Amino acid sequence: ITFTMKNFLLALSITILYTALPTVQGFGLGGGNKARRGAAAKPSSPLLEDALKGYPFVNDDKTKLSSTFNELAKLYGDEEALGMVKIEPRVLRFDAENFEPCLESWTEQFGLEKAQAMVKRNPGLLGVKPSLTEDADSSMYGSYVVAALRPSPISLAAWGVLLLSLLGNQDFWTDGGFYNGGGSPLQ
């Protein structure tokens, strides 16, 4: 793949739109109820009902969603698990059996608190298979990028208008984009 400004902006726009589907402010770096691996299993998280209320998909098995949320709350804490579901509701569809092995692998690499913070910033990492977590440096850096690009609805609209206007402007790209004055009529 050749790096061009058009490819970069396209990738950036896809990333922004994907991370902004459930719009949430912040980087997910707050305090709160920290869970620890090996903690006594709770029968159910007190925030389970809140998580299920905010779940936008229909016709999913509520029992599976509940057990997935409870596993998430056991590993990351109740408040953190609810925050991750608010950012990325699809985490309740992920395979909960992968959560603990992934967290263990990331804990070996970064320590427990840093691993938990990484997943909190980018809950999409909960969908990663444990076999893909051996070298997670890019995931750590990527979690900061994903968190920073999780915009508010206003900034999403501004970025969307800018990117669509640039992507749809054929003259801008055929005349060299930003490198050649952007196809300005003043040339």
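Modeller: The helices α3 and α4 pack at an angle of about 125°, with their axes 7 Å apart. Helices here are DSSP runs of H or I with at least four residues, numbered from the N terminus; axes are lines fitted to C-alpha atoms over the stretch in contact, and angles run from 0 to 180 degrees between N-to-C directions. The angle makes α3 oblique to α4, where under 35 degrees counts as roughly parallel, over 145 as roughly antiparallel, 65 to 115 as roughly perpendicular and the rest as oblique. The crossing of α3 past α4 is right-handed, a term for a near helix turned clockwise from the far one by less than a right angle, with anticlockwise giving left-handed.

This is a predicted model, in which local features need pLDDT of at least 70 and side-chain atom pairs count only at pLDDT 80 or more, while totals for chains, interfaces and linings use all residues. Residues are numbered from 1 along each chain as its sequence is written, and side-chain values use heavy atoms, with hydrogens and water left out.

From α3, the residues F69, L72, A73 and Y76 meet D78, E80, A81, L82, M84 and V85 of α4, contact meaning heavy atoms within 4.5 Å. This contact has 8 nonpolar, no polar and 2 charged residues; Ala, Val, Leu, Ile, Met, Phe, Trp, Tyr, Cys and Pro count as nonpolar, Asp, Glu, Lys and Arg as charged, and the others, Gly among them, as polar.

As for α4 itself, 7 of its 10 residues are buried, so α4 is largely enclosed by the rest of the structure. Buried means under 20% relative accessible area, exposed over 50%, and partly exposed in between, with a 1.4 Å probe and protein chains only. The buried residues are D78, E80, A81, L82, M84, V85 and I87, and they pack against α2, α3 and α6.

The largest nonpolar core has 32 residues, of which F69, L72, Y76, W106 and L126 touch the most other members. Such a core is a set of buried Ala, Val, Leu, Ile, Met, Phe, Trp, Tyr and Cys residues joined through side-chain atoms within 4.5 Å. Two or more of its residues come from each of α2 (48-53), α3 (62-76), α4 (78-87), α5 (99-110) and α6 (112-121), and α3 gives the most, with 6 residues. Leaving aside residues up to four places away in sequence, L72 touches G77, A81, M84, V85, V91, F99 and L126.
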